[in-house]
Amino acid sequence: MEWSGGGIGGTIFRRQDFDADEWQSLQSKLNRCRIWASTSKPLPEDMAEDVQKSGLNPDYSRLASADSDSRSRPSREDTRRTPSSRDRPAPPFGIENFSISGFAKRNQGVAEVPANEIESIVAVMQHGSRDRRLRATIATTNILPDSKANRRAAVAAGLLGVLVEILEDYSESNKRLSRLAVACLSNLSAEPSVKDAIANSGVIPHVTRHLVPMGSKEGRAASAHAAATLWSLCIDNSHIKRKTAATGNTLSTLMQLILSSDSAIRTQACGCVGELCVGDDSDLKDELFKLGAVPLFISSLNQSDHELQHLASVAVCNICANNPRNKGAARHFGAVEAFCTLIKESEKIDHVRDAAAGGLYNLVGKEDRVLVEESGVLELLARYPGPHYRLIQRRIMGQTSSVGPTTKRKEDEAG
């Protein structure tokens, strides 16, 4: 049995993401912004200077740039790097101030945004002044999570190339924009059609650089976004998993993040590692064994955070699937007892109970019959839909084996 996917929520920047002064300043500037897509009104004087300094084309009539037909989104067959955003022409006059307030309002209800507006706001991310690049990145981040159309329009507008360009510059002056870009990339990575392009863009090492266990509030948020990005990219993509696991000290850093006091960091890191363990990559599972992943996941089962309990259950289930050594280690560290306890404590929390039952199924054998029967988990599971009651009962009755060679794969993946 293995578990894959789920648990990744889109990032939306809200009031609590900013200090009071920052939020007031941001709101003031957002409120001054106006939509320029269909207007020929001149920019306010205090914004015109920024436009002039940035060298933007003063011909605002070309808002819908003709170069859009020349760009194509890489498919699974076309794994070339997305064309650099540096190759894209400068945005037309008016783009500096285009639609940011409109984008902020669209955060309510996640409406689909016209493609020409998305193209314009992506252009601000590349060519705008520093402050407007920050605000445009926040706006873009907010319209990506739950809209496939918005994500695809953003890809067509060259968003990936812009994000790669931002993330390649990790200078102190660019640090905040880089952190916001990680959040934006996290939301973009939910689009299956662009995952290969992201992986082949060379951005993964730049994302992993944000996996920092300690730091400021913004730094911790970036760590959670980076882990979420890697998690999302790895779902159903074994080649991306290998690339992610082989990047620097990614695995050991993710282990450190699971120990973080920040719940968002813990859950995203745990989810990422659990996803990496889906499949039969014995080398990866052996490396995680050496890093102490098995006892770390089991200790996480005892935390009060239900989402962490769920993801830790999934991680134990996956790291032990078809791996006798990890199964033996999990049993040694008390995983069977921990799962029985968690199933009872989370009876009314479906996703936690089911994940714990899946982990228990991967570990138990007939030697656990007395423990499992006396714990009462079989009677509990029998009251709920799903195969876990039947599967666990078969295991403890000795009708199937939980620990053995990989020929038992079909049994481990059942349910």
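How do the residues of the lining of the second largest cavity divide into nonpolar, polar and charged? In this predicted model, local features need pLDDT of at least 70 and side-chain atom pairs count only at pLDDT 80 or more, while totals for chains, interfaces and linings use all residues. Residues are numbered from 1 along each chain as its sequence is written, and side-chain values use heavy atoms, with hydrogens and water left out.

The lining divides into four nonpolar, two polar and two charged residues, where Ala, Val, Leu, Ile, Met, Phe, Trp, Tyr, Cys and Pro count as nonpolar, Asp, Glu, Lys and Arg as charged, and the others, Gly among them, as polar. A cavity is here a set of points, on a 1 Å grid over the protein atoms alone, where a 1.4 Å probe fits but cannot get out, and its lining residues have an atom within 4 Å of a point. The count comes to two cavities of 30 Å³ or more, and the second largest cavity holds about 40 Å³, a volume being the space filled by probe spheres set on points that are joined across faces, edges and corners. Its lining consists of Arg 353, Asp 354, Leu 381, Tyr 384, Pro 385, Gly 386, His 388 and Tyr 389. Two or more of these residues come from each of helix 20 (350–363) and helix 23 (388–396), helices being DSSP runs (H or I, at least four residues) numbered from the N terminus.

Helix 20 and helix 23 also pack against each other, at an angle of about 20 degrees and with their axes 9 Å apart; axes are lines fitted to C-alpha atoms over the stretch in contact, and angles run from 0 to 180 degrees between N-to-C directions. The two helices are therefore roughly parallel to each other, the term applying to angles under 35 degrees. Their crossing is left-handed, meaning that the near helix is turned anticlockwise from the far one by less than a right angle. The contact (heavy atoms within 4.5 Å) is made by Asp 354, Ala 357, Gly 358, Leu 360, Tyr 361 and Asn 362 of helix 20 and by His 388, Leu 391, Ile 392 and Arg 395 of helix 23, and comprises five nonpolar, three polar and two charged residues.

Helix 17 passes helix 20 in a left-handed crossing. Residues of helix 17 including His 306, Ser 313 and Cys 320 meet residues of helix 20 including His 351, Ala 355 and Leu 363, and by class this contact has seven nonpolar, eight polar and one charged residues.

Notes. On a 1 Å grid over the protein atoms alone, a cavity is a set of points where a 1.4 Å probe fits but cannot get out, and a pocket is an open set with protein on both sides within 12 Å along at least five of seven lines; lining residues have an atom within 4 Å of a point. Angles under 35 degrees count as roughly parallel, over 145 as roughly antiparallel, 65 to 115 as roughly perpendicular and the rest as oblique.
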